Amino acid sequence: MKDNKQPKVLKFFSPSCPHCIKVKPIVEKVAQDHDAVLFLELNAKNDAVDALFDTYHVNAYPTFVFLHGSGKIIDTHEGGSSKAALDKKVTSLEKTAQKS
């Protein structure tokens with residue numbers, strides 16, 4: 001992940017989380033609309049990503065972490081999201097990444 005210089009959206013989720021299930025199609029649509037951003041889903045039930053949950057201080061599901069291509073955290077969001085709100089955050093992330 002560090003070698004990829006694209007801006008990223010990390011979505012931390014649990015498969016049994018109702019809010020995570022509800023937001024999944026919204027995230028998929030926003031991802032389709034933003035080719036320049038890499039969207040990654042990190043499952044709380046996967047032990048291989050436990051360290052990332054600690055690194056990004058994930059305490060609720062879903063949690064979105066918006067990363068500059070350098071890996072710097074630009075923004076975070078806990079809980080569900082509308083398409084418009086998520087799209088606005090991703091657009092802001094793209095603009096921030098383009099400035100550097």
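**Ground rules and confidence**

I note that this is a predicted model, in which local features need pLDDT of at least 70 and side-chain atom pairs count only at pLDDT 80 or more, while totals for chains, interfaces and linings use all residues. Residues are numbered from 1 along each chain as its sequence is written, and side-chain values use heavy atoms, with hydrogens and water left out.

I looked up pLDDT, the predictor's confidence in each residue from 0 to 100, and found that the chain averages 91, with 96% of the residues at a score of at least 70. Confidence is lowest in H2, at a mean of 89, and highest in S3, at 97. The element names come from DSSP runs numbered from the N terminus, helices being H or I with at least four residues and strands E with at least two.

**Nonpolar cores**

I listed the largest nonpolar core and found 11 residues in all, including Val 9, Val 23, Phe 39, Phe 64, Phe 66 and Leu 86. Helix H1 (18-33), strand S3 (63-67) and helix H3 (83-99) are the elements that give two or more residues to this core. Another core, of 10 residues, lies apart from it, and Ala 44, Phe 53, Tyr 56 and Leu 67 are among them. By nonpolar core I mean a set of buried Ala, Val, Leu, Ile, Met, Phe, Trp, Tyr and Cys residues joined through side-chain atoms within 4.5 Å.

Leaving aside neighbours within four places in sequence, Phe 66 is in contact with residues including Val 9, Ile 74, Asp 75, Leu 86, Lys 89 and Val 90.

**Charged side chains**

I recorded six salt bridges in the structure, counting a side-chain nitrogen of Lys or Arg within 4 Å of a carboxyl oxygen of Asp or Glu.

Glu 41 and Lys 24 meet in one of these, at 3.5 Å from N to O. Glu 41 lies in strand S2 (residues 38-43) and Lys 24 in helix H1, so the pair ties together parts that are 17 residues apart in sequence.

Asp 33 forms a salt bridge with Lys 83, with the closest N and O atoms 3.4 Å apart. This pair links distant parts of the chain, Asp 33 being in helix H1 and Lys 83 in helix H3, 50 residues apart.

Asp 75 and Lys 89, both named above as contacts of Phe 66, meet in a salt bridge of 2.7 Å, N to O. Asp 75 belongs to strand S4 (residues 73-78) and Lys 89 to helix H3, 14 residues apart. Salt bridges that share partners also join Lys 11, Lys 24, Glu 28 and Glu 41 into one network.

I then turned to Glu 94 in helix H3, which is buried yet has no salt bridge, the nearest side chain of opposite charge, Lys 95, being 8.1 Å away. For charge, Lys and Arg count as positive and Asp and Glu as negative, while His and the chain ends are not counted. Not counting residues up to four places away in sequence, Glu 94 touches His 34, Ala 36 and Val 37.

**The loop between H2 and S3**

I placed Tyr 61 in the loop between helix H2 (50-55) and S3, where Tyr 61 is partly exposed at a relative accessible area of 33%. Beyond four places in sequence, the contacts of Tyr 61 include Phe 12, Cys 17, Cys 20, Ala 44 and Phe 53. Tyr 61 and Lys 11 are 50 residues apart in sequence, and I note 8.7 Å between them in space, C-alpha to C-alpha.

Which kind of peptide bond joins Tyr 61 and Pro 62? I found a cis peptide bond, with omega at about -15°, and Pro 62 has its place in the loop between H2 and S3.

His 57 also lies in the loop between H2 and S3, and I noted its phi near 55°, a positive value in a residue other than glycine. His 57 is exposed, with a relative accessible area of 61%.

Notes: Buried < 20%, exposed > 50% of the residue type's maximum accessible area, 1.4 Å probe, protein only. Contact = heavy atoms within 4.5 Å.
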